[in-house]
Amino acid sequence: MNAVERLVAADSAAAAGRNDDYRKALREARLAANREGNLVALSAVMRREASLLAPAERGALLAEAARLAHRAGDADGHVEALEDLSRDWQSAGRTGLAVAALGRCAEARATLGDRTGYLRAAMLAGRALCEAWGPEREVPAGMAMLLFCEREAGRTDDTLARLLRDYLTGFQYTLSDAEFAAVEPWLELDGRAVVDATFARYMSQHGAELP
């Protein structure tokens, strides 16, 4: 079997709960990907291997997976690795870096004309900024990003738009009067401009740390 076939076998083992078989198939898939020079498959193996590690141990593996996918022109693999990194960074309280990674995802999706993927990155970033604590918390930009996503989703996905609307409605009741007053001017701005400017700012701040 080639690397891709071994990955399929690994995923089947994982779905069936056969963890030993899953690990064995991943090892075989890595060997096959290296032998074939298949960077797409090797990145996919690394992303799966990272899921077996503790969050604090995943970073280097996911970063290399993102770099390999990017070199191979695998936009989906690149974004998947960046999203996984973003999730781990957010859990570790590194919201700025998490948003920067999602900015890279948004760039990749926008380049491909993938509107749904772009909105997903913006939605994840908006929530990250709203739900962060301490100096990483940036509610005005976060809510403006989510409002943009809600409006855009309303064109094609009523369910997602409703979920975002409910989230925004509930979240605003958690804000103090001062926090809500700071948010209000942002809600009148052009949403796409806020999304792009926020991503650009965080990618500029954290670009050296991104894969």
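Met143 touches Cys130, Leu168, Phe171, Gln172, Leu175, Val183 and Leu187, leaving aside residues up to four places away in sequence; contact here means heavy atoms within 4.5 Å. Together with Phe199, Met143 touches the most other members of the largest nonpolar core, which has 66 residues. A nonpolar core is a set of buried Ala, Val, Leu, Ile, Met, Phe, Trp, Tyr and Cys residues joined through side-chain atoms within 4.5 Å. Buried denotes under 20% relative accessible area, exposed over 50%, and partly exposed in between, with a 1.4 Å probe and protein chains only. In soluble globular proteins, nonpolar side chains tend to be buried together.

A word on the basis of these values. The model is predicted, so local features need pLDDT of at least 70 and side-chain atom pairs count only at pLDDT 80 or more, while totals for chains, interfaces and linings use all residues. Residues are numbered from 1 along each chain as its sequence is written, and side-chain values use heavy atoms, with hydrogens and water left out.

Let me turn to the chain as a whole. The protein chain has 11 helices and 0 strands, where helices (H or I, at least four residues) and strands (E, at least two) are DSSP runs numbered from the N terminus. Its C-alpha atoms fill a box of roughly 60 × 35 × 30 Å along the principal axes. Of its 211 residues, 46% count as buried. Among contacts with a separation of 6 or more, 58% join residues 24 or more positions apart.

Next, the helix pairs. Two packed helices are described by the angle between their axes and the distance between the axes. The axes are lines fitted to C-alpha atoms, for helices over the stretch in contact, and angles run from 0 to 180 degrees between N-to-C directions.

How do H7 and H11 cross? The axes of H7 (residues 115-131) and H11 (residues 191-206) come within 11 Å and cross at roughly 70°. H7 and H11 are therefore roughly perpendicular; the classes are under 35 degrees for roughly parallel, over 145 for roughly antiparallel, 65 to 115 for roughly perpendicular, and oblique for the rest. From H7, the contact includes Tyr118 and Leu129, and from H11 it includes Phe199 and Tyr202. By class, this contact has 8 nonpolar, 1 polar and 2 charged residues. Here Ala, Val, Leu, Ile, Met, Phe, Trp, Tyr, Cys and Pro count as nonpolar, Asp, Glu, Lys and Arg as charged, and the others, Gly among them, as polar.

Tyr202, in helix H11, is buried, with a relative accessible area of 7%. Not counting residues up to four places away in sequence, Tyr202 touches Gly96, Val99, Ala100, Leu129, Glu138 and Gly207. The C-alpha atoms of Tyr202 and Leu102 are separated by 9.6 Å, although the two residues are 100 residues apart along the chain.

Leu102 also belongs to the contact of H5 with H6, as do Trp89 of H5 and Cys105 of H6. H5 (residues 75-91) and H6 (residues 95-111) pack at about 165°, their axes 8 Å apart. That makes H5 roughly antiparallel to H6. The residues of the contact of H5 with H6 divide into 10 nonpolar, 3 polar and 4 charged.

Finally, H1 (residues 3-15) and H2 (residues 19-36) pack at an angle of about 165°, with axes 8 Å apart. H1 is thus roughly antiparallel to H2. The contact of H1 with H2 has 12 nonpolar, no polar and 5 charged residues.
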